[in-house]
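Please look over the sequence and the model before reading on.

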Amino acid sequence: MMFAARSTLRTTLSKRAFSSTAANASKVAVLGAAGGIGQPLSLLLKLNKNVTDLSLYDLKGTPGVAADISHVDTNSVVKGYTPDQGIENALKGAEIVVIPAGVPRKPGMTRDDLFNTNASIVRDLAKSVADNCPKAMVCVISNPVNSTVPIVAEVFKSKGVYDPKRLFGVTTLDVLRASRFISEVQGTDPTQEPVTVVGGHSGVTIVPLLSQSNHPGISGETRDALVNRIQFGGDEVVRAKDGTGSATLSMAQAGARFAGSLLKALKGESVVEPSFVDSPLFKSEGIEFFSSKVTLGPSGAEKIHELGQLNDYEQKLIEACKTDLVKNIKKGKDFVAQNP
Ligand code: NAD
Ligand code: LMR
């Protein structure tokens, strides 16, 4: 009798501790959770106290990843899903969906070379998100981001659930790299080196605005080398990994930071993060998506910031960026039109 009472008390307490109530629930779903990014990203999300439910979906491997991560001593509940358990169950009730599903680059490839494989993966996952949690904040990591974000938008439009404020291409890794690389040049603390990075997420579409950093005077070969390293930082990792993939660990940190900012925003805090979003900045020139600083709030992208004052050098970078971006965005939109 005594044992039964204690056991009931224990059950009640543990239910209080480990299950979320509707009012404070923050379910985050990771699609592609067993991959190189998915695993460390899921671990970092498990460490985030604002996450109450972590839902890990992949074609295979997620029951193991979920069992493993679920032993970490934070309150959130972790569940793993494969197609057998149903993507709809993974997505039901999700407030944030992070998508790192898809193939990574090998040396010699551009991100655009991933399009043929990743476009259909992202399109199909977007359909599931639209059907099961259409109001979720969707964070797209899968490359080429400049095209996969428009793919998600077109799928959502076709299903009548597109909310431009809730779709984000994750460009945070470019921001991390810019802070780190400028700190290496200056011999400073990278955590104190904010750099605004705008445009898109590949090669010349990545535009760091060094004139707005702590070091507006950087010029000449130092500036050229720094800008080039920020634009092509991904290639550095692809070459070093020598055919086994691209950035995973730094990307996990970047994805966890962006999702973490969205979680804070959902709780009412106003947070500014650069992101590739449906943007008015260059729409008149046919560029529907552009990355710039975005103020995040409970309804998503609440304010898209202007680029601010640019110097001639940055103006030229923006022109080169726009030339590529317009093609990348069109490619994503055309894909969904031709392959609905
Ligand atoms: P990976 O191959 O290690 O992992 C990808 C995972 O996606 C795999 O586990 C795979 O099973 C899963 N997957 C494939 N199709 C799926 C589907 N239909 N449903 C669910 N899961 C599916 O690759 P990775 O290194 O984790 O990279 C993933 C993607 O992220 C790549 O496209 C890469 O280019 C991109 N990436 C983007 C950034 C960025 O800054 N946005 C940075 C790094 C990598
Ligand atoms: C990166 O910037 O590291 C990613 O986009 C992966 C890649 O292909 O470079």
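Is Gly220 buried, partly exposed or exposed? The model is a predicted one, and in it Gly220 has a relative accessible area of 35%, so this residue counts as partly exposed. Gly220 belongs to helix H8, which covers residues 220-231. Between the C-alpha atoms of Gly220 and Lys46 there is a separation of 44 Å, and the two residues are 174 residues apart along the chain.

The next topic is a pair of helices. Helix H6 (residues 145-158) packs with helix H11 (residues 312-338) at an angle of about 40°, and their axes are 7 Å apart. H6 and H11 are therefore oblique to each other. The crossing in which H6 passes H11 is right-handed. On the side of H6, the contact is made by Asn146, Ser147, Pro150, Ile151, Glu154 and Val155; residues of H11 in the contact include Leu325, Ile329, Lys331, Phe335 and Val336. By type, the residues of the contact of H6 with H11 are seven nonpolar, four polar and three charged.

Aromatic rings form a further topic. Four aromatic pairs are found in a search of the whole structure. One of them joins Phe282 and Phe290 in a tilted arrangement, at 4.7 Å centre to centre and with 55° between the planes.

| Residue | Relative accessible area | State |
|---|---|---|
| Phe282 | 12% | buried |
| Phe290 | 0% | buried |

Technical notes: Residues are numbered from 1 along each chain as its sequence is written. Chains are lettered from A and ligands numbered from 1 in the order in which they are written. This is a predicted model: local features need pLDDT of at least 70, side-chain atom pairs count only at pLDDT 80 or more; totals for chains, interfaces and linings use all residues. Side-chain values use heavy atoms; hydrogens and water are left out. Axes are lines fitted to C-alpha atoms, for helices over the stretch in contact, and angles run from 0 to 180 degrees between N-to-C directions. Helices (H or I, at least four residues) and strands (E, at least two) are DSSP runs, numbered from the N terminus. Angles under 35 degrees count as roughly parallel, over 145 as roughly antiparallel, 65 to 115 as roughly perpendicular and the rest as oblique. A crossing is left-handed if the near helix is turned anticlockwise from the far one by less than a right angle, and right-handed if clockwise. Contact means heavy atoms within 4.5 Å. Ala, Val, Leu, Ile, Met, Phe, Trp, Tyr, Cys and Pro count as nonpolar, Asp, Glu, Lys and Arg as charged, and the others, Gly among them, as polar. Rings of Phe, Tyr and Trp (its six-membered ring) pair if their centres lie within 6.5 Å; planes under 30 degrees apart count as stacked, over 60 as edge-to-face and the rest as tilted. Buried means under 20% relative accessible area, exposed over 50%, partly exposed in between (1.4 Å probe, protein chains only).
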